[in-house]
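This briefing is for a reader new to the structure shown here. Please look over the sequence and the model before reading the points.

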Amino acid sequence: MTITSSISAQPLDEFLEALLAIDRFAARQILSTYGQRAGTVNLFEQMIVPALEQIGAQWEQGALSLAQVYMSGHICEEIVDAILPPAQIQRISHPPIAIAVLEDYHLLGKRMVYASLRASGYEIRDFGQVTVEALVAQVIQERIAVLLISVLMLPSALRIKELRQQLERAGHRPKIIVGGAPFRFDEILWQEIGADAMGKTAIDAVTHVGRLLKELP
Ligand code: B12
């Protein structure tokens, strides 16, 4: 799957406007029209992600309220739920893979990554929203070989280092793939917290999982 850059600024502006007006119907209509042209994956990466990023940036500048950010995120979640690609019936056989959101309430990114992996044929455990301690316990118990972690808050990203240390102390070294806003803002952060890879998009997650599974002993 490749991501094309065919969508012009106009539909993105219209989508943004619909979100800020809390107009679910218009938002869904705009996405559905352009999704038919650009494909679901491109829709995520070219419309939903940039729209929410712009909303986040405007909120940071004090131009929007948290309620607008919240409602925009909520409408996007509803739309994503409705248009996620269906899982493939033919599953790939592989060591256990899991995904989690670490100490964070931003769930949309994880949902997209999870759906992209399932749609690519991977069987993946969804641990949901977890603390470091709960994640360490689950990863060890289920002998997870590849762990994907989504975070949008910098403090949560920094806690991944602690997670890695606790797992190592328990004698377990899964491949860790991280993603989310802090890693897009700081391109070397993933190395500093001891991850094995970082992805900027849901499709990056599929590529990294395929590569890291091949590197497993
Ligand atoms: C919507 C939103 C919210 C919603 C979340 C709704 C929900 N259920 O998810 C609400 C209103 C609840 C919210 C709350 C808060 N938010 Co907020 N929020 C956002 C916003 C605008 C968009 C996030 C989003 O959903 N993006 C769309 C998704 C699809 O993108 P994504 O998660 O990045 O995922 C993509 C990629 O990153 C990648 N990816 C994601 N995970 C992974 C994992 C792997 C393994 C891989 C390979 C790839 C990958 O694939 C995805 C698809 O491309 C961002 C702005 C931004 N720039 O991100 C701020 C932002 C994340 N929020 C921020 C803040 C500060 C907060 C609050 C603290 C605000 C407050 N004062 O209360 C709270 C705290 C919540 C908490 N404790 O977790 C800051 C974080 C700053 C920081 N550096 O830590 C941001 C960056 C805004 C800003 N510019 O300041 N927020």
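What follows covers the basis of the model, its domains, the ligand contact, several helices, selected residues and some backbone angles.

The model is predicted: local features need pLDDT of at least 70, side-chain atom pairs count only at pLDDT 80 or more, and totals for chains, interfaces and linings use all residues. Residues are numbered from 1 along each chain as its sequence is written, and side-chain values use heavy atoms, with hydrogens and water left out.

**Domains**

- The protein is divided into domain 1 (9-83) and domain 2 (97-215), with bounds that come from an automatic or database domain assignment.
- The centres of domain 1 and domain 2, taken over C-alpha atoms, are separated by 25 Å.
- Across the two, 12 residues of domain 1 are in contact with seven residues of domain 2, where contact means heavy atoms within 4.5 Å.

**Ligand contact**

- The cobalt atom of the ligand has a single donor from the protein, His 106 (NE2), at 2.3 Å.
- Donors are N, O and S atoms within 2.8 Å of the metal (3.2 Å for Na, K and Ca); water is not among the atoms, so sites may look incomplete.
- His 106 sits in the loop between strand E1 (97-102) and helix H5 (108-119); helices (H or I, at least four residues) and strands (E, at least two) are DSSP runs, numbered from the N terminus.

**Helix H4**

- Helix H4 (residues 66-83) has 18 residues and, at 1.5 Å a residue, should span 26 Å; its end C-alpha atoms are 26 Å apart, which agrees. The expected span is 1.5 Å times one less than the number of residues.
- Ser 72, Gly 73, Ile 75, Cys 76, Ile 79 and Val 80 are the buried residues of H4. They cover an arc of only 165 degrees around the axis, which puts them on the same side of H4. The arc is that of the directions from the helix axis to the C-beta atoms.
- Leu 66, Ala 67 and Tyr 70 are exposed on the other side of H4. Buried means under 20% relative accessible area, exposed over 50%, and partly exposed in between (1.4 Å probe, protein chains only).
- An α-helix has 3.6 residues a turn, so residues three or four places apart point the same way.

- In helix H6 (132-141), the buried residues are Val 132, Leu 135, Val 136 and Val 139. They cover an arc of only 100 degrees around the axis, which puts them on the same side of H6.
- The cover over the buried residues of H6 includes E1, strand E2 (125-130), E3 and H7.
- Helix H7 (residues 154-169) has 16 residues and should span 22 Å at 1.5 Å a residue; its end C-alpha atoms are 24 Å apart, which agrees.
- Ser 156, Ala 157, Ile 160, Leu 163, Arg 164 and Leu 167 are buried in H7. Their cover includes E1, H6, E3, strand E4 (175-179), helix H8 (181-185) and helix H9 (189-192).

**Buried residues and their contacts**

- Phe 183 is in helix H8 and, at 0% relative accessibility, counts as buried. Not counting residues up to four places away in sequence, Phe 183 touches Val 151, Ala 157, Ile 160, Val 178, Leu 189, Trp 190, Ile 193 and Met 198.
- Phe 183 and Met 198 are 15 residues apart along the chain, and their C-alpha atoms are separated by 7.3 Å.
- His 94 lies in the loop between H4 and E1 and is buried, with a relative accessible area of 19%. Leaving aside neighbours within four places in sequence, His 94 is in contact with Tyr 122, Glu 123 and Leu 213.
- His 94 and Leu 213 are 119 residues apart in sequence and 7.6 Å apart in space, C-alpha to C-alpha.
- The side chain of His 94 reaches the backbone nitrogen of Glu 123 at 3.0 Å.
- His 208, in helix H10 (residues 202-215), is buried at a relative accessible area of 16%. Not counting residues up to four places away in sequence, His 208 touches Ile 177, Ala 197, Met 198 and Gly 199.
- The side chains of His 208 and Arg 211 make a polar contact (3.2 Å). A polar contact is a pair of N or O atoms within 3.5 Å; within protein, one must be able to donate a hydrogen and the other to accept it, and residues adjacent in sequence count only if both atoms are side-chain atoms.

**Positive phi angles**

- Glu 103, a residue other than glycine, has a positive phi near 45 degrees. Glu 103 lies in the loop between E1 and H5 and counts as partly exposed at 29% relative accessibility.
- Arg 143 is not a glycine, yet has a positive phi of about 50 degrees. Arg 143 is in the loop between H6 and strand E3 (146-150) and is partly exposed at 48% relative accessibility.
- Gly 171 follows H7 and has a positive phi near 80 degrees.
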